[in-house]
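Please read the points below with the model open beside them.

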Amino acid sequence: MPQEILERPPGASFFVILSYQEEGILFELKAMAEKRFSKILYESVLLPKWTPDETEKEFAYPGRFTKVLSFKQRIHREELVEKKKECLEFQSVLQKKDQSVLLIPGYVTSHNIVIAKSKDDFHRTYLFQGVYGETVYFFSRSQLLVAESAQNYFREREVSYFFNTLRESYEFNKFKS
């Protein structure tokens with residue numbers, strides 16, 4: 001009988017959702033993020049305004065702009081916790097100039113798109129160090145599907161289109177270094 005083998009999956013495509021009000025914040029974040037993470041591979045067009053979910057309302061006052069930045073360097077899924085902590089550092093620095101700054105890190109794999117959150121909710125999985133993972137999209141029969149529990153933001157046509165394109169790029173480049 002064959003033995004069950006534990007294998008580490010291939011690296012995931014790392015991204016950050018940025019909500020902000022002041023236009024200069026985007027350039028500051030890009031500089032900070034490229035220094036800490038890696039070169040930005042994709043930058044979305046302006047997307048619909050981020051709307052906080054129930055767990056974010058106490059600390060999130062989203063600005064009128066929302067973009068997604070995707071990075072060249074792949075991450076292992078367990079690194080999402082560290083990326084969330086780094087994004088909170090960036091957020092704290094940037095909020096001194098724009099209180100609306102909100103950064104939500106996540107990753108893309110062949111099967112799903114997961115974001116990191118700092119508050120528990122019924123559909124989130126606790127990772128560690130106060131970070132929860134939330135699946136917002138999953139892929140079935142070559143189709144992007146929004147998780148039933150995902151906030152309405154992820155149902156917006158432009159947002160779905162961007163993440164579907166990001167996933168296609170991930171699949172095309174999955175085994176390239």
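1. Leaving out residues up to four places away in sequence, Leu29 touches Leu18, Leu69, Phe90, Leu94 and Leu103, where contact means heavy atoms within 4.5 Å. Leu29, together with Phe37, Phe71 and Leu103, touches the most other members of the largest nonpolar core, which has 26 residues. To this core β1 (12-20), α1 (24-36), β3 (65-75), α2, β4 and β5 each supply at least two residues. Another core, of 24 residues, lies apart from it and includes Phe15, Val68, Ile104 and Phe162. A nonpolar core is here a set of buried Ala, Val, Leu, Ile, Met, Phe, Trp, Tyr and Cys residues joined through side-chain atoms within 4.5 Å; buried means under 20% relative accessible area, exposed over 50%, and partly exposed in between (1.4 Å probe, protein chains only).

2. On the basis of the values: this is a predicted model, in which local features need pLDDT of at least 70 and side-chain atom pairs count only at pLDDT 80 or more, while totals for chains, interfaces and linings use all residues. Residues are numbered from 1 along each chain as its sequence is written, and side-chain values use heavy atoms, with hydrogens and water left out. Helices (H or I, at least four residues) and strands (E, at least two) are DSSP runs numbered from the N terminus.

3. Helix α2 (residues 80-94) is the place of Gln91, a residue that is buried at a relative accessible area of 8%. Apart from neighbours within four places in sequence, Gln91 is in contact with Val101, Leu102 and Leu103.

4. Which way do the side chains of β5 point, and are they buried or exposed? Asn112, Val114 and Ala116 point one way, Ile113, Ile115 and Lys117 point the other way, and all are buried. In a regular strand the side chains alternate between the two faces of the sheet. Strand β4 (residues 102-108) pairs with β5 in the antiparallel sense over three bridges, two strands being counted as paired if DSSP finds at least two bridges between them. Val108 stands opposite Ile113, and the hairpin formed by β4 and β5 has three residues between the strands.

5. Strand β7 (residues 131-140) is mostly covered, with seven of its ten residues buried.

6. β6 and β7 run antiparallel and are joined by three bridges, with Phe128 and Val131 as bridge partners. They form a hairpin with two residues between them, and Gln129 in the turn has a positive phi of about 55 degrees. Tyr126, in strand β6 (residues 125-128), is partly exposed at a relative accessible area of 46%. Tyr126, Leu127 and Phe128 form a nonpolar patch on the surface with about 280 Å² of accessible area together. Such patches are made of residues with over 30% relative accessible area and no salt bridge, like charges being joined within 9 Å and nonpolar side chains (Val, Leu, Ile, Met, Phe, Trp, Tyr) within 5 Å; areas come from the Shrake-Rupley method with a 1.4 Å probe, and for residues only the protein chains shown count as cover.

7. The whole structure holds eleven salt bridges, each a side-chain nitrogen of Lys or Arg within 4 Å of a carboxyl oxygen of Asp or Glu. One of them joins the side chains of Arg8 and Glu78 (2.2 Å, N to O). This pair links distant parts of the chain, with Arg8 in the segment before β1 and Glu78 in the loop between β3 and α2, 70 residues apart. Arg8 is exposed at 54% relative accessible area, whereas Glu78 is partly exposed at 42%.

8. Arg36, Lys83, Glu86 and Glu89 are linked in a network of salt bridges. Within it, Arg36 and Glu89 form a salt bridge, their closest N and O atoms being 3.3 Å apart; Arg36 lies in helix α1 and Glu89 in helix α2, so the pair ties together parts that are 53 residues apart in sequence. The side chains of Lys83 and Glu86 also meet in a salt bridge (3.7 Å, N to O). At 11% relative accessibility Lys83 counts as buried, and Glu86 is likewise buried at 11%.
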